[in-house]
Amino acid sequence: MRTSELEELPISKIKAIYDYIPPRGIFKMHVKSLTGIETNGLYIDTFIAPDKLNAQNLRANIQKVKDAVKVVHHLNIKMAILGGFTSLLLEGNFNDFEDYDMVLTTGNSLTSAYVVKGLEKAAREHGISMSESNVLVIGATGDIGMACTNYLKGKVNRLLLCARNMNRLKTFGQRLLDEGHEVKYSSDLSELAPEADLIISVASSSEIAISSLKPKVIICDAGYPKNLEEKVEKVPGVFLFHGGMGQLKHGYSFNPDYTSQFYRYPAPHLGHGCIIEIILMAFEGIKENFSMGKGNITSEKIDLMYELSLKHGIELAPFYNSDGILEASKNNSTT
Amino acid sequence: METQEKEFKSIEVFNVTSDIYSQAITGELIGMSNFATLAETIDDPHEKMEAVEHADSERRHAEGFMAYAKKLGLNVNINLKGSYWNRIREQFLNYAAKKDFIACIIIQEVMLEAFAISMYTDAGNALGGASKKLFLSIAEEEKEHMDHSVELLQEELHKDPDTFIKKFEGIHFNCMTILSEFSARTDLKGHCGVCNGDCMKNALHHVNLNVDSLRGNALALYAKALDTIGIPGEKSIVWIAKLPA
């Protein structure tokens, strides 16, 4: 954000001030639909430093999220998506904002849609049958993890569920077993990874390490941050892509334009599913909270959001990871 | 002096407390001088009287700090010509010479008061005891000044947003640059001329303070004031990001 005439600030100096900044708008956004509808938005940052996302700072972080929603209210904006960690901090609970007369969403329905549709597409392109595959979900008891699991149940051979909280995992796993699905669950990833053909990772833990993989396994990294490459055993044939992302075929613009500083991707006009969900809600004039709470994302909501996405010319992002566009997607990565 | 120093846990605590009071008194006297100058720029008799009243309020704050510093036997150094304070005063005088009432209000009531309110609150809470009561009560009065001016500036912004924001931006870089250099981890333009001996920033830990949180809280309050006035966050964040650090 500092211009070229100023010296770059070292990280230590940025860290010294970053989390003192009150939540505020950073840039305006303009988006166009395939149908010709246009809409404007504002990106508001909570200024929660990544290294402050811990239990010790939980109360302060929740307050920052609430302050950010208050900014939305003061600016008389009627729709907001609480993206990334902000919805995790509130666990999708919007009760505090009932008096604000605004529509809210976590954006997790469309993120989940892009994850499962991306996995299905990758499997198809690699000649892997979903119905014969074992699908491992890492972070299975989170909102997106549960949504993906519920969407995939009955469509795959076996669900392998992994989460840190064993009580929640047991409750969720047992429910699926009671419904008659093939399920194995464990908080120990090494017990599940060797059996997986397809993997969805929606966990944010820095402690994940995936090893003993089958050859030619497909991995969708949809966690925050997307850095699973560093944590996966280097096995030839592993296809790892960053999921939960869409590509706005009719583009978007930022004002000020920070696209050269951040939100940089190897293909043009990529966006997070959660952000695109609120764009679709604006295009469609949806006047009620959409994705909210935890465990409330149904397969119907996933399908509805995905249909709306395609209707407005927003498609699955091409397959890419930190090395760039992946071979299978190269022909489809430009708009 | 020896008897008084015994009330402090260590000579370091005595020294840093002395420096905190020195800065507070010098800052209040700069505020007093600024309001006195401001009174001369105003034609409206009621507003003129209000400016004099504010100058008197800052004088009383300075006197309050001086009286308590004397009681504690602190080693107070008042220096209105100290490098940073003098530069801020010069900036104020530049705008006052042009009879730019709004610019003067922005410098004194938003920029300087944001730093005063925030730093008095932090210092008061850290020093404890009677110092806490004194610093917090003065911070509260300064907050009333700031709130009153923020309302006035909201009206100004409403009249002509683009011109007002452009003007504010210019004042921001003229004045906040100085405050930012002053409050950086190390004084970016040398010794302030107010602290006794070395820069007190190196000794703040003796009273459970640190320069990063003092500066961070002050800039946060300044940012919130800009938000309340109605300056778009996407502009103020760039202004703040461009300050020296």
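How many bridges join β1(A) to β2(A)? The number is 8, and the two strands run antiparallel. This is a predicted model, in which local features need pLDDT of at least 70, side-chain atom pairs count only at pLDDT 80 or more, and totals for chains, interfaces and linings use all residues. Residues are numbered from 1 along each chain as its sequence is written, chains are lettered from A in the order in which they are written, and side-chain values use heavy atoms, with hydrogens and water left out.

**The sheet in chain A**

Strands here are DSSP runs of E with at least two residues, helices are runs of H or I with at least four, and both are numbered from the N terminus. Two strands pair if DSSP finds at least two bridges between them. In chain A, an open sheet of 3 strands has the order β2-β1-β12, with antiparallel pairing. Because β2 and β12 (252-255) of chain A each have a single partner strand, they stand at the edges, and one side of each has no neighbour in the sheet. On average, neighbouring strands are turned by 25 degrees against each other, direction ignored; the axes behind this angle are lines fitted to C-alpha atoms. Within the pairing, A:F27 stands opposite A:Y43 in β2(A).

**The second largest pocket**

A pocket is an open set of points on a 1 Å grid where a 1.4 Å probe fits, with protein on both sides within 12 Å along at least five of seven lines; lining residues have an atom within 4 Å of a point. The second largest pocket holds about 510 Å³ of space. Elements giving two or more residues to its lining are β1 (24-32), β2 (38-45) and α2 (58-74) of chain A, together with α8 (211-229) and α9 (233-241) of chain B. The most comes from α2(A), with 4 residues. The lining has 21 residues, and those nearest the centre of the pocket are A:P23, A:V71, A:H74, A:L75 and B:D227.

**Cysteines**

A disulfide is a pair of cysteine sulfur atoms within 2.5 Å. By this rule there are 0 disulfides over all chains.

| Cysteine | Closest cysteine sulfur | Distance |
|---|---|---|
| A:C274 | A:C148 | 13 Å |
| B:C199 | B:C195 | 5.5 Å |

A:C274 is buried (under 20% relative accessible area), with a value of 4%.

**A residue in chain B**

B:E63 is found in helix α3 (residues 45-72) of chain B. Its relative accessibility is 44%, so B:E63 counts as partly exposed, a class between buried and exposed (over 50%).

How values were computed. Grid points are joined across faces, edges and corners, and a volume is the space filled by probe spheres set on the points. Axes are lines fitted to C-alpha atoms, for helices over the stretch in contact, and angles run from 0 to 180 degrees between N-to-C directions. Buried means under 20% relative accessible area, exposed over 50%, partly exposed in between (1.4 Å probe, protein chains only).
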